[in-house]
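This briefing goes through one model by topic. Please keep the sequence and the structure in view while reading.

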Amino acid sequence: MTSTTAPASAPGGPSDQAEGMLRTIGGHWGWVLTFGIISVLIGAALLAIPGKTLVTIAIFFAAYLFVTGIFMLVRSFTHDGGSGGQRVFSAIIGVLSIGIGLMLLRSPFQALEVMIFALGFWWVFSGILDVVRAFMLPSGKGWAIFMGVITFIAGMAVLAYPIDSAEVLAFVGGIMLIILGVFEVVAAFQLRSAAGKAAA
């Protein structure tokens, strides 16, 4: 007797194609390069904007966190590096990043201390998760751990530095974003080199 029950999902269907596209984007070095360039640009803008206010700074930091969140969520769809744990860590970082970005946008007039705590906490937590996630990678552990440590140090610096004005926060945050962005750009070219060697 022939079964008339249709398969739950056909191979090559729209959902499979969408996931495949996300995996390709998430694992592509160009995506990492774009994220690094955006980080550098936002950092430079924070250093350059005249008349810095909490509202302006909140918008810039929220934009950075949104970009980070989207980047990490897309990365969670890639199987490069392999394990489900790595994907879960990326997704957690992405959701937290977007959540903190929304908080900054919803309350742009909040106290300077709250903004410093949100940004510092994000970098500290993200750095720790990046280091943990690095140990799940089949290769490139050293560079990933280094990036996580740099992010952690950035968060601790923001939390520990005696910031008492919006201008100082913009300066410190801008410098940190530029440093992190530069390292992401370098990491992107490292990924490109590794992909080229693997394909050879």
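Does Thr-151 count as buried or exposed? With a relative accessibility of 7%, Thr-151 counts as buried. The model is predicted, and its secondary structure comes to 7 helices and 0 strands.

**Confidence**

- The mean pLDDT of the chain is 75, and 74% of the residues reach 70 or more.
- Over residues 1-11 the pLDDT is below 50, and this stretch has 2 contacts in the model beyond near neighbours in sequence.
- By element, confidence is lowest in helix α1 (residues 14-26), with a mean of 46, and highest in α2, with 86.
- Residues 17-26 also stay under 50 in pLDDT, and the model has 14 contacts for them beyond four places in sequence.
- Where pLDDT is low, the predicted coordinates should not be read in detail.

**Overall build**

- Along the sequence the pattern of the chain is α-α-α-α-α-α-α.
- Of the 200 residues in the chain, 38% are buried.
- The chain exposes about 10300 Å², and carbon and sulfur atoms supply 73% of that area.
- Taking contacts between residues at least 6 apart in sequence, 76% join residues at least 24 apart.

**Nonpolar core**

- The largest nonpolar core has 38 residues, of which Ile-57, Phe-61, Tyr-64, Leu-104, Trp-123 and Leu-169 touch the most other members.
- Two or more residues of this core come from each of α2 (29-48), α3 (54-75), α4 (84-106), α5 (112-134), α6 (141-160) and α7 (166-199).

**Helix α3**

- The buried residues of α3 include Ile-57, Ala-58, Phe-61, Ala-62, Tyr-64, Leu-65 and Thr-68.
- Further along α3, Gly-69, Phe-71, Met-72, Val-74 and Arg-75 are buried too.
- With 22 residues at 1.5 Å a residue, α3 should span 32 Å, and the 31 Å between its end C-alpha atoms agrees with this.

**Aromatic pairs**

- The whole structure holds 6 aromatic pairs.
- One of them is the stacked pair of Phe-35 and Tyr-64, at 6.5 Å centre to centre and 25° between the planes.
- Phe-35 lies in helix α2 and Tyr-64 in helix α3, so this pair ties together parts that are 29 residues apart in sequence.
- Phe-35 and Tyr-64 are both buried.
- Phe-117 and Phe-121 also pair: their ring centres are 6.0 Å apart and their planes stand at 20°, so the pair is stacked.
- Phe-117 and Phe-121 are about one helical turn apart, because they are separated by 4 residues in helix α5.
- An α-helix has 3.6 residues a turn, so residues three or four places apart point the same way.
- Phe-117 counts as exposed because its relative accessibility is 53%, while Phe-121, at 36%, counts as partly exposed.
- A cluster of Phe-35, Tyr-64, Phe-71 and Trp-123 is linked by ring pairs.

**Single residues**

- Thr-151 is placed in helix α6.
- Not counting residues up to four places away in sequence, Thr-151 touches Trp-123, Val-124, Ser-126, Gly-127, Asp-130 and Leu-180.
- Ile-128 lies in helix α5 and, at 43% relative accessibility, counts as partly exposed.
- Ile-128 and Gly-148 are 20 residues apart in sequence, and their C-alpha atoms are 6.4 Å apart in space.
- Met-103 belongs to helix α4 and is partly exposed, with a relative accessible area of 34%.
- Between Met-103 and Ala-118 there are 8.9 Å from C-alpha to C-alpha, and these residues are 15 apart in sequence.

Terms used. Residues numbered from 1 in each chain as written. Predicted model: local features only at pLDDT ≥ 70, side-chain atom pairs only at ≥ 80, totals over all residues. Heavy atoms only, no water. Buried < 20%, exposed > 50% of the residue type's maximum accessible area, 1.4 Å probe, protein only. Contact = heavy atoms within 4.5 Å. Areas by Shrake-Rupley, 256 points an atom, 1.4 Å probe, with all protein chains shown as cover. Core = buried A, V, L, I, M, F, W, Y, C linked by side-chain atoms within 4.5 Å. Expected span 1.5 Å × (residues − 1). pLDDT = per-residue confidence, 0-100. Phe/Tyr/Trp six-rings, centres within 6.5 Å; stacked < 30°, edge-to-face > 60°.
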